Each structure stands twice: as structure tokens, then as C-alpha cells.
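Keep the sequence at hand.

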Amino acid sequence: MPDASAALANDTFLRACLRQPTEYTPLWLMRQAGRYLPEYNATRGRAGSFMGLATNPQFATEVTLQPLERYALDAAILFSDILTVPDAMGLGLSFAAGEGPRFARPVRDEAAVAALAVPDMDRLRYVFDAVASIRKALRTTDAQGRTVGRVPLIGFSGSPWTLACYMVEGAGSDDYRLVKSMLYARPDLMHRILDVNAQAVAAYLNAQIDAGAQAVMVFDSWGGVLADGAFQAFSLEYTRRVVAALRREAEGRPVPVIVFTKGGGLWLEQIAACGADVVGLDWTMGLGRARTLVDDRVALQGNLDPNVLFAPPEAVAREAVAVLDAFGPPQRADGRWGGHVFNLGHGISQYTPPEHVSALVEAVHAHSRRMRRG
């Protein structure tokens, strides 16, 4: 258990997740600790490899905090990878130079599926040690001399379906031929994989919460590749099981849960009913329409197109304002608050100019303050 106070110098992100009043719209970025930052690349060089970086709590702490030193972000997110869980299952995760993740032992037949089991969480101790280390590194002293956290720390995992895609394909995929073939030909095998994954993801996220994560996010990165009907049965149902099994309070405060399905706008209302506090959106779904559909029953996260960040800073600021205006005033005419956490619609590109991120952060904070002043 973390020994730092649960108090935060900046809890705007957590309040927005819970649809509570905020002075401005909080902002963090998916993949905010990454290759677009020269300091990240320097640390990764010292680590020797991506896995050397991700499995070393000291390095993971260092890169998690790097974007917070540059930008006035409202949350930190654990530096890790979505594939740590299947790696702990013994599938042999590796990252070749210039390539994405690859498993040495993909799950493609009955014997491999039957052998799957929820991994011993001790095999993921390096992740939980990183969470505790990051919480310690986030400590600061407030005006009253109290030890507090600078901003909240977000933990995360891939969704059961997204993990299954990598586990069956053995790597990333353009057409998801192998995993979809199994889904349609042997749905019994796919449900078995997803059931094990859901149990493992819930245990993994709860262990992150125990270690000090103050919010958690489920990345359903590949839910949007499924057909209608298949999405509900093979992705959303297992995400729902994960959410239902999570601890929702720690250190005397609620632990918000975010669910993000890339390409999931078609199923927004169904995703919003899965039990999460926040639904993340990619850039294909208008925030105003999304807010109307969910009627502020959940908070929304998103949803600037990451490619906007290649445009000049003034264009970045203009597009950020458009996203905020699309969501609208956080406080409704009936007095209720809707929650909005500003983010990109997917991870930040490694080619993003760092100074353009500065323009984004400044525009989001400034315009959202103006919106609240009326």
C-alpha cells in the first residue's frame, strides 16, 4: 500500500471523471510518455530496449514523469505496455527493433487455449513496483507544508478482446484473419480465451489499485474491428465483467474507471452502460452528439485527432477550442455537471513536435476556464 497521503495538489482529473465541478477541463494524453520526447528517447537508450524500459521500475518512473516536467498535464499514466498480461501467461513477448510486439507462442489451437490460465500476479511485480515508485516520485509539498501528490496516477490494461487479438495473431494485424477465423469457427475457444483474460485483467488492475493507481483505464484498442453483434458478445461483455470486478474505492476516495474502444462510436450508449465512470472516444464521434446520447450519465474523454498536432500551434489551439465547444458548458441548465476529460482520440504520434503539445495544453486550460466564466 502507498504510504503517501491520498491528498492531491491537483485532483481536477478525478473530479471530472466523477462529473463533479471543476475550474477548467483537465487534460492528459494517451501515450504522453513516448518517442516524441527527446528525453524519453535518451532514457530508452540507457535502458537498452523497450522491455528493458518497461520492466525496470526506476526507468518506468523516470519516463512517466517526463511529460509532467514539460507540460501542465492533469494526470500521469503508468508507463507500461498493454501486453504485460499475456506475457505473464508465458507467451514470450518481444519487441524487435523497428517492429511492433510479437509473441513467440501464439494461442491458435485447442491445446494452447486449454493451457491458458490467469497468471500469478507476482510475475507482474515490476508493474506494481513501478506504480508505487511513481506515486512516491509524484509527492510534493503544498502551501500548508503537507505532503501531497502532484496529480493522480492512472493505471491501465488492454481489454480481454484486444489482448486476445495479439495472443491469437501473434503480433499486430491488418485484417485480424486468424482471431476472427477462430471467433466464427470455434466461438467456444474464443470465449475460453476471453474468460481467462477477463479474470486476469481484473486481477491485474486491482493489483495496480492496491499499489497506488488512483484511476484505471481499459484500452479496447481493437473492439472497433468487430461486426455489430460480435462486438457485444466478444468484446463489450468481457469488458463489462472486468469493470464489475474492479475495486472502486481506495485510500478513502473513489477510483474512476475509463473504458476506451477505438472505433466504438456506433455502440456508445451500450459502452456507457458497462459500468465505467468515463467513456473514451476517438475523433470520429462528435462530443456534442455523444453527450446528448449518454445524457451525462457518464463522463466523456477525448477526442482530438492526433494528427492535428502536426499543424501550426495556432491551428492546434483552434481545433482544441472546437473540441471544448462541441462538448459545451460543463454545467447544464438543470444545474447538473457533465464530466469532460480532454484527450486525443488515440495515442500521440512519435513525430509530434513537442512545442505543439504546449500549445494544446495552454489552449485547453485557457478556453475551458473562459467557458466556466460564461
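In helix H9 (residues 177–185), the buried residues are Val179, Met182 and Leu183. Buried means under 20% relative accessible area, exposed over 50%, and partly exposed in between, with a 1.4 Å probe and protein chains only. Helices (H or I, at least four residues) and strands (E, at least two) are DSSP runs, numbered from the N terminus. The face turned away from the buried side carries exposed Arg177, Tyr184 and Ala185. The cover over the buried residues of H9 includes helix H8 (160–169), helix H10 (187–211) and helix H11 (230–244). Contact here means heavy atoms within 4.5 Å.

This is a predicted model, in which local features need pLDDT of at least 70, side-chain atom pairs count only at pLDDT 80 or more, and totals for chains, interfaces and linings use all residues. Residues are numbered from 1 along each chain as its sequence is written, and side-chain values use heavy atoms, leaving out hydrogens and water.

Ala164 is found in H8. Ala164 is buried, with a relative accessible area of 0%. Leaving aside residues up to four places away in sequence, Ala164 touches Val179, Met190, Ile193, Leu194 and Asn197. Ala164 and Ser235 are 71 residues apart in sequence, yet their C-alpha atoms are 9.8 Å apart in space.

Now follow H10. Its 25 residues should span 36 Å at 1.5 Å a residue, and its end C-alpha atoms are 36 Å apart, which agrees. The expected span is 1.5 Å times one less than the number of residues. Just after H10, Gly212 takes a positive phi of about 135°.

Helix H14 (residues 313–327) passes the same kind of check. Its 15 residues should span 21 Å, and the end C-alpha atoms are 22 Å apart, which agrees. The buried residues of H14 are Ala315, Val316, Ala320, Val323, Leu324 and Phe327. Their cover includes helix H13 (287–294), strand S12 (299–304), strand S13 (340–344) and helix H15 (354–373). Gly328 follows H14 with a positive phi near 90°.

Some backbone details come next. In the loop between H13 and S12 lies Asp295. Its phi is near 55°, a positive value in a residue other than glycine. Asp295 counts as partly exposed, at 34% relative accessibility. A cis peptide bond joins Gly302 and Asn303, with omega about -5°. Asn303 lies in S12.

Which residues lie nearest the centre of the largest pocket? They are Arg31, Arg35, Phe50, Asp81 and Phe95, out of 35 lining residues. The pocket holds about 1,100 Å³ of space. Its lining has 20 nonpolar, 10 polar and five charged residues. Arg31 has a positive phi near 65° and is found in the loop between helix H1 (12–17) and helix H2 (38–47).

On a 1 Å grid over the protein atoms alone, a cavity is a set of points where a 1.4 Å probe fits but cannot get out, and a pocket is an open set with protein on both sides within 12 Å along at least five of seven lines; lining residues have an atom within 4 Å of a point. The whole structure has four cavities of 30 Å³ or more. The largest cavity holds about 60 Å³. Helix H12 (268–272) and strand S11 (278–280) each supply at least two residues of its lining.

Technical notes
Points joined across faces, edges and corners; volume = space filled by probe spheres on them. Nonpolar A, V, L, I, M, F, W, Y, C, P; charged D, E, K, R; others polar.
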